[in-house]
Amino acid sequence: SHHVVHSVISTRFLRLRIRSNRREMIVFKDVVTADELFSDSFPYKLVDDCYYEVEGKMSTETTDISDAAIGGNASAEEPTESASEASSKSGINFVLAMRLVSIDKPPTLKRFKLDILKPYLASIKKRLQSEAPERVEPFQKGMMKFIAERVDKNYSDWDLYLGESMNPDGLHVMVNYREDGVTPFMVVFKEGVVEEKF
């Protein structure tokens, strides 16, 4: 009986330790669609108090599902590679993790500004005017600076993504690569997301 009491105490102690060691995770969700766009598990920084720059890397996500589990009936005589190919995806880690969806961007910078940026900024400005009017001017200034310095000259280098719901009213995540040509990063406008702790 002494052994049983000892094991119960150590199990409780272990649970307490696990609970106290568990770190809260912050997830950044789209204020319009509630899609999860990124979390603090990725390196990120706030630039000009206007947008988050989230650094990623190329990775392969493997989901190990056997043929039997999905109702397949592959015979030993006919080895197929399709099952193993279908279970792995390669891409940018934050795109895979957050199930971001790549979309076709407007062919010209002008169309991007008119069709996507202008209506989105108008909706953010309207929300800020009622919720945090002091944020309107810094947000607009920061956005103009970002577009002028980072987008105007190299619009063709950027890719656009939407959150998992693919709702076009939501934030369009902008993805590009560092000067090394291999390190991806994304830009998420601060006023377009809300932080949630888990």
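Predicted model: local features only at pLDDT ≥ 70, side-chain atom pairs only at ≥ 80, totals over all residues.

User: Why is E191 called buried?

Analyst: Its relative accessibility is 9%, and buried means under 20%, so E191 gets that label. Across the protein, 34% of the 198 residues count as buried.

User: What does E191 touch, leaving out residues up to four places away in sequence?

Analyst: V31, I124, R127, L128, R135 and F139.

User: What makes the pairing of the E191 and R135 side chains a polar contact?

Analyst: The two side chains come to 2.5 Å, and the cut-off is a pair of N or O atoms within 3.5 Å. So the E191–R135 pair counts as a polar contact.

User: Where is E191 found?

Analyst: E191 sits in the loop between β10 (184-189) and β11 (193-197). Overall, the protein has five helices and eleven strands.

User: Strand β11 also holds V194. Why is V194 called partly exposed?

Analyst: V194 has 38% relative accessibility. Buried is under 20% and exposed is over 50%, with partly exposed in between, so V194 counts as partly exposed.

User: Which residues form a nonpolar patch with V194?

Analyst: V31 and V32 do, and the three together have about 190 Å² of accessible area. A patch residue needs over 30% relative accessible area, and V194 has 38%. V31 is also one of the residues that E191 touches.

Technical notes: Residues numbered from 1 in each chain as written. Heavy atoms only, no water. Helix = DSSP H or I, 4+ residues; strand = E, 2+ residues; numbered from the N terminus. Buried < 20%, exposed > 50% of the residue type's maximum accessible area, 1.4 Å probe, protein only. Polar contact = N/O pair within 3.5 Å; in protein donor to acceptor, adjacent residues only side chain to side chain. Contact = heavy atoms within 4.5 Å. Patch = residues over 30% accessible without salt bridge, like charges linked within 9 Å, V, L, I, M, F, W, Y side chains within 5 Å. Areas by Shrake-Rupley, 256 points an atom, 1.4 Å probe, with all protein chains shown as cover. Salt bridge = Lys/Arg side-chain N within 4 Å of Asp/Glu carboxyl O.
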